[in-house]
Amino acid sequence: MPTDLPSPPPAAGRLSRRRVLTLGALAAAAAPLGSSLRPAAAAGDTGDDDAYQRAFSDALAADPNIRRHTVAGREFLYRPRQLLAANADAQRVITWLRTRGHQVTVGAGFAGVTRLVFAKETDVPTVVSALRNPQQWQGQPVPAVQPHHVLLGLGNIMGNPGGPPQAVGALAAPDPARLGEGAGVTVGVCDTGIWQQAGAYHPQWLGGSYVPESDDEDALYVSGTVLAAQGGHGTFVAGVVRQAAPGVGVDPEQALNPTGVGDEAMLVAAMARLGPQVSVVNLSLGGFTQDDLPPLPLVNAVAALPAQTAVVAAAGNAGTSRPVWPAALGRVLGVAAVSRAGTGIAPAAYSGFGPWVDACAVGEHDSTYVVGQLPLPGRPTRVFHGFAGWAGTSFATAYVSGRLAAMMVAGGLTADAARIALLANPRWHPDYGVLVA
């Protein structure tokens, strides 16, 4: 049975990330790892990873509803012609915009924000910077405004997963001795949705673990059996949750399209659709924001959840300390990834890190997947028969969500109490949080 109580590092003080990454066995010896975990890919040919990232980048560039903004190497994605303002500030912002010649209308609001829609293409980040300038508001508080940020299942640019899945053999059946782990707990999985045939194709792992609903289905394919860049991501995540706690139930909701792209409104709507039985919310997605400020809709959506609900989110695979949202929110348990390194473990080179990260887990897993083929530019097409191996903080996050469910049952705890108990353990490293092994 996996343990959630890792030993603290023997070395005192804060190590640099460079030193952490170069030490094959950082600090504590790793707890035994389950057979479903796979070692990090060996260094060498990265052609498939590069091709996958190019394909994803091309998909983003071709999407007319995505704009990319980069300043001093710090980028984020946003929806064109949309500006979000806190409800209390909306009228002031509308007046400010109209007096400066911007034609705006009020669109559908959500999570405590008003959506303002420009009549024509507008440099939204520049407008936001101007609105955030205190000199524009002498004697008044600065309004809370932001772009409508695009969130990803964190593919390529913002991370997760940076490489494509690979075909693997079928998983062994769940250990009967572990079927009580997480029993009676439901984890909400806001992701690409779930494969229509997931329960039937994976009866031992996903059959009976969720209630199939048509609006939860992952569209998966761009044509025929050709998979979109992250088609099947949600099915993979659900399988990792169940491996971490084979008795747990899942509630899949669609917050991303099969390419792995969504936005704040889509995530808020997915969270609102979660059933009342959900006590752990898994968010294997996220993104960067303008000025690295917390996104107001997600702040409000998380705050609106029942007090005993735990939210677990991915730290991203950009390999940077820049905060990824919603993982960096105070109430959210942000999860980084580690990899096996010799006889121990070490931080995954791709993983996000920093003091805003609360926990870490192995990011390389084999899991339930879909049937289809994934073409990569200039590389052999990958063909899948229902199982895959994949690496990313998405999957470290799913594992932690499952272990929280197991802790709830083992200790008779609420989800939030389990989160607090987990975080009471020594941090494995200041930038990676508590090791969940």
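Residues are numbered from 1 along each chain as its sequence is written, and side-chain values use heavy atoms, with hydrogens and water left out. Because the model is predicted, local features need pLDDT of at least 70 and side-chain atom pairs count only at pLDDT 80 or more, whereas totals for chains, interfaces and linings use all residues.

The protein contains ten helices and 19 strands, taken as DSSP runs numbered from the N terminus (helices: H or I, at least four residues; strands: E, at least two). Of its 437 residues, 57% are buried, where buried means under 20% relative accessible area, exposed over 50% and partly exposed in between (1.4 Å probe, protein chains only). Among the contacts with a separation of 6 or more, 77% are between residues 24 or more positions apart; a contact means heavy atoms within 4.5 Å.

Strand β5 (residues 145-152) is mostly covered, with eight of its eight residues buried. Strands are taken to pair if DSSP finds at least two bridges between them. β5 pairs in the antiparallel sense with β2 (residues 74-86) over four bridges, and Gln146 in β5 is the bridge partner of Leu84. β5 is also joined by three bridges to β11 (residues 261-263), again running antiparallel; here Val150 stands opposite Asp263 of β11.

Two packed helices are described by the angle between their axes and the distance between the axes. The axes of α3 (residues 90-99) and α4 (residues 124-131) come within 12 Å and cross at roughly 115°. Axes are lines fitted to C-alpha atoms, for helices over the stretch in contact, with angles from 0 to 180 degrees between N-to-C directions. The two helices α3 and α4 are therefore roughly perpendicular, a term that covers 65 to 115 degrees. In α3, Val93, Trp96 and Leu97 meet Val127, Ala130 and Leu131 of α4. By class, this contact has six nonpolar, no polar and no charged residues; Ala, Val, Leu, Ile, Met, Phe, Trp, Tyr, Cys and Pro count as nonpolar, Asp, Glu, Lys and Arg as charged, and the others, Gly among them, as polar.

Most residues other than glycine have a negative phi, and most peptide bonds are trans. Trp325 and Pro326 are joined by a cis peptide bond with omega about 15°, and Pro326 lies in the loop between β13 (310-314) and β14 (332-341). Ala72 has a positive phi, near 50°, and lies in the loop between β1 (67-71) and β2. Ala72 is exposed, with a relative accessible area of 77%.

How values were computed. Angles under 35 degrees count as roughly parallel, over 145 as roughly antiparallel, 65 to 115 as roughly perpendicular and the rest as oblique.
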